[in-house]
Protein chains: 2
Amino acid sequence: MKLYEQFAEEIAELIRVGTLQAGEKIPSVRYASRTHNISAATVFQAYYLLERRGLIEARPRSGYIVRSHANGVLVEPEQSNLAHLPQETVATDVDVSELVFSVLDSMKDPSTIPLGSAFPSPTLFPLQRLSRSMTKALRETPAQAVVADMTSGNATLRRQIMLRAMSTGNKYTAEELVITNGALEALNLCLQTLTQPGDLVAIESPAFYASLQVLERLKLKAVEIPVHPRDGIDLHILEESLTRLSIKACWIMSTFQNPLGASMSDEKKEKLCELSARYQLPIIEDDVYAELYFGLQPPKPLKSFDKNDLVMYCSSFSKSLAPGYRIGWIAGGKFAKQIHRLQLMTTISPSLPAQAAIADYLQHGGYDRHLRKLRETLEAQQQKLMLAIERYFPTDVRVTKPKGGYFLWIELPHDVDSLQLFRLALAQGISIAPGPIFSASQSFKNCIRLNYGNIWDAKIEESLKLLGKLINSFQHVS
Amino acid sequence: MKLYEQFAEEIAELIRVGTLQAGEKIPSVRYASRTHNISAATVFQAYYLLERRGLIEARPRSGYIVRSHANGVLVEPEQSNLAHLPQETVATDVDVSELVFSVLDSMKDPSTIPLGSAFPSPTLFPLQRLSRSMTKALRETPAQAVVADMTSGNATLRRQIMLRAMSTGNKYTAEELVITNGALEALNLCLQTLTQPGDLVAIESPAFYASLQVLERLKLKAVEIPVHPRDGIDLHILEESLTRLSIKACWIMSTFQNPLGASMSDEKKEKLCELSARYQLPIIEDDVYAELYFGLQPPKPLKSFDKNDLVMYCSSFSKSLAPGYRIGWIAGGKFAKQIHRLQLMTTISPSLPAQAAIADYLQHGGYDRHLRKLRETLEAQQQKLMLAIERYFPTDVRVTKPKGGYFLWIELPHDVDSLQLFRLALAQGISIAPGPIFSASQSFKNCIRLNYGNIWDAKIEESLKLLGKLINSFQHVS
């Protein structure tokens with residue numbers, strides 16, 4: 001990281017934690033240059049970066065001020081707002097797949113403004129550079145490698161994943177690594193390895209809807225544990241549930257949880273690992289957004305705190321590098337062999353060219369440079385979405401402030417039915433993700449998830465304005 | 001097909017059906033040229049092709065004669081030799097996966113002579129040409145296509161698969177097509193769509209071992225139906241089983257069945273479809289070897305005889321074009337929507353670059369030319385393997401004579417334990433596929449499957465000589 005990036009990050013952190021409030025002036029270039037002992041040009045570069053990221057704006061004759069939406073103005077939702085969950089957690093048969101599919105199917109039209117999409121825009125990814133890596137890798141791979149690579153995965157890719165894990169403080173061994181068809185296959189394999197039909201699985205509430213679909217498919221029961229919008233799953237309720245119910249596994253996103261964007265602190269992650277050890281509870285960690293952090297340091301995965309070989313770590317390149325390549329992985333610990341055998345019986349192996357291309361890209365493509373740019377873009381677009389919400393939505397909405405990823409979770413006034421809103425918006429060519437698809441009990445009726453992973457333009461701005469009007473119309477009716 | 005190829009095929013067919021016997025002279029060039037009204041050069045070209053394919057050989061001063069192994073000398077196994085199956089079919093819990101894995105694991109060493117392998121040599125495939133298609137396809141695919149292609153598959157690939165199906169007499173519609181991660185995912189998805197744990201599934205005996213593993217994984221019971229080495233599954237026993245047992249699905253390979261190489265006649269396929277209609281029995285058709293036929297006409301799939309939308313057709317490009325790309329498909333009929341949803345919950349989509357590359361290759365790469373060469377190579381290697389068996393194995397072995405694919409099934413003398421033979425051969429650096437891995441009841445103890453999909457060389461010849469010695473040693477012991 002360059003000096004100006006480092007300085008920009010320091011200022012950004014002050015804004016994030018609220019030391020610098022909306023509307024406040026930030027240190028002048030001259031002052032900052034003197035006190036930090038850096039050149040004025042470096043400070044300029046840093047401020048320009050912060051401006052591009054939407055954190056500050058230049059005001060004539062008063063220098064730079066913190067933008068109003070950058071902190072403090074929009075209120076975060078409270079976990080207590082999830083209190084429509086049963087007081088005591090119970091195991092629920094999952095029956096939400098039909099709803100999820102009907103929502104996803106109806107968003108397929110490519111002309112729809114994809115605020116409800118689960119994907120960031122593919123234009124944010126280095127697809128051309130990856131394609132060069134593909135050409136090179138295919139030219140260099142001997143035909144004879146096919147059979148070996150089908151049984152154990154591309155060796156270079158395995159090595160690169162290991163190296164990267166080490167550099168972000170994750171800890172796993174080559175022996176426990178299984179390359180998969182994206183993270184979803186990884187999660188499916190883990191869950192099938194740990195459970196039998198009828199078993200109970202603890203999941204977050206709200207949760208990524210695919211986890212609900214997978215539970216439904218495997219005839220597992222969901223124990224929904226509330227998630228705090230800022231720091232993740234409620235450990236007290238989880239522990240209370242573990243004492244009462246025979247829970248076979250826990251599926252969790254400890255960083256940039258989908259849909260809330262919540263991230264557990266290191267301390268909380270450590271506690272969760274202790275809990276898992278105490279109750280011998282295997283944890284399936286879904287860490288697909290790990291690379292999309294806005295801060296200086298990569299968040300540590302749960303697995304790096306696991307001393308008892310109970311965390312199965314799942315991730316992929318789909319959200320950070322190569323959407324559509326369908327390459328993910330599991331660090332499966334003591335379950336790795338069983339997981340791999342299950343894969344050999346179902347899909348055998350992920351596509352070899354995709355593995356080879358990503359392997360070459362990780363070696364030579366400039367992944368870190370791409371990621372820095374991607375993070376910057378996403379953070380700037382988060383600011384833009386927040387600003388639009390502040391401008392167009394009712395003042396009493398509550399909005400999460402994730403420090404990474406590309407989703408905001410918005411709690412609308414109680415009289416807004418998000419499924420109804422979804423239909424109204426879709427009729428206007430705008431998709432949103434309605435709250436009930438994120439819950440086995442179809443809770444969160446007044447919540448929506450919005451995606452800021454698409455290049456901001458006038459159309460998106462317009463669609464948020466329109467969405468605001470639709471939301472306001474609910475309040476007029478009631 | 002060129003004139004000389006057509007003429008060569010006519011002669012080959014006469015040899016296959018036994019009209020021309022081993023050791024017999026084939027028509028002289030002059031005679032053939034006159035009676036068929038073709039040039040002597042064309043006849044020469046045809047005979048040269050037949051010689052390369054190992055069907056005839058030149059004898060000094062007597063012209064060409066039919067090679068001894070080309071027909072008639074090696075005796076085919078009888079279905080009655082499968083009589084160690086219970087007289088009445090029963091439903092068996094499947095528990096063979098551990099054995100299969102231990103066999104497959106032990107063959108991993110790339111220096112092993114892969115006679116037990118399930119794959120043909122990757123050097124037989126146009127990997128470089130495919131790689132050019134990949135480069136082109138990736139350059140031409142807009143980034144925006146990623147999301148759409150992930151939900152419904154590459155549109156060009158779908159169209160090309162449809163076109164090819166039409167040209168080989170298969171019949172299905174675009175609506176029922178689901179692109180999958182190879183045929184194994186296709187088969188898994190079909191089976192999961194049709195069954196619940198505990199259900200009965202009719203499978204062939206012997207059967208492709210992965211089908212046994214999948215049954216075991218899904219806790220299904222196997223009803224093993226004997227297969228005739230030449231013309232496939234025994235319809236009488238299947239019908240008898242259907243009257244007694246509540247069978248939910250039938251998994252079948254009607255063409256070049258793995259491991260026997262058996263192919264059902266069109267008439268028999270029609271009968272099976274009638275049976276399926278009478279008992280409302282859904283059939284999962286595994287047709288991965290369809291393109292590897294040695295005759296003039298492509299074999300018709302079972303699905304082309306299906307009038308009641310009960311056949312789910314599964315195939316892939318793994319055995320004929322692109323090993324390791326992991327691209328297959330299902331024509332799922334009325335089950336297609338359910339199958340696709342199941343896929344969206346498990347792997348979402350096969351790798352997009354692999355789909356795009358194959359789509360381009362099918363349009364521009366010369367698939368038919370490649371296939372003609374591949375078929376010719378495989379047929380020639382089948383002849384070579386038969387010759388080696390005739391030369392080195394005991395005279396009382398029985399060998400299948402498949403008209404396509406790359407496997408021979410060999411019934412050894414009864415005192416040979418093929419699992420023991422497997423271990424002995426492996427210690428000498430040779431892999432074979434022992435009979436018991438192809439059966440839920442671990443039958444076929446004196447049978448092995450050999451692969452002729454590898455370029456024939458002195459090492460392979462040597463390994464068969466050694467294998468013959470090992471087989472003979474069993475007889476000396478007993």
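In β7(A), the residue that bridges to T92(A) is A222(A). This is a predicted model: local features need pLDDT of at least 70, side-chain atom pairs count only at pLDDT 80 or more, and totals for chains, interfaces and linings use all residues. Residues are numbered from 1 along each chain as its sequence is written, while chains are lettered from A and ligands numbered from 1 in the order in which they are written.

Stay with that strand. Strand β3 of chain A (residues 91-93) is joined to β7(A) by three bridges, and the two run antiparallel. Strand β6 of chain A (residues 200-205) is joined to β7(A) by six bridges, and this pair runs parallel. Here E204(A) stands opposite I225(A). Two strands pair if DSSP finds at least two bridges between them. Strands are DSSP runs of E with at least two residues; helices are runs of H or I with at least four; both are numbered from the N terminus.

Is β7(A) buried or exposed? Eight of the eight residues of β7(A), 221-228, are buried, so the strand is largely enclosed by the rest of the structure. A residue is buried if 20 or more other C-beta atoms lie within 10 Å of its own, exposed if 12 or fewer, and partly exposed in between; the C-beta atoms are placed from the backbone. Both faces of β7(A) are covered. One side holds K221(A), V223(A), I225(A) and V227(A). The other holds A222(A), E224(A), P226(A) and H228(A).

Now step back to the whole chain. Chain A has 16 helices and 17 strands. Of its 478 residues, 55% count as buried. The C-alpha atoms of chain A fill a box of roughly 65 × 55 × 45 Å along the principal axes. The radius of gyration of chain A is 23 Å, which agrees with the value near 23 Å for a compact globule of 478 residues. That radius is taken over C-alpha atoms, and the globule rule is 2.2 Å times the number of residues to the power 0.38.

Chain A is divided into domain 1 (3-70), domain 2 (79-86 + 94-124 + 369-477) and domain 3 (127-366). These bounds come from an automatic or database domain assignment. The centres of domain 1 and domain 2 of chain A, taken over C-alpha atoms, are 30 Å apart. Their contact takes seven residues from domain 1 and eight residues from domain 2. Two residues are in contact if their C-beta atoms, placed from the backbone, lie within 7 Å.

Next, find the other chain. The contact between the chains takes 46 residues from chain A and 46 residues from chain B. On chain A, the elements giving two or more residues to it include α5 (127-140), α12 (336-346) and α13 (352-364). By class, the chain A side has 25 nonpolar, 14 polar and seven charged residues. Ala, Val, Leu, Ile, Met, Phe, Trp, Tyr, Cys and Pro count as nonpolar, Asp, Glu, Lys and Arg as charged, and the others, Gly among them, as polar.

Which residues touch the most other members of the largest nonpolar core? They are I358(A) and I358(B), in a core of 274 residues. A nonpolar core is a set of buried Ala, Val, Leu, Ile, Met, Phe, Trp, Tyr and Cys residues joined through C-beta atoms within 7 Å. Beyond its neighbours within four places in sequence, I358(A) is in contact with residues including L157(A), F317(A) and Y325(A).
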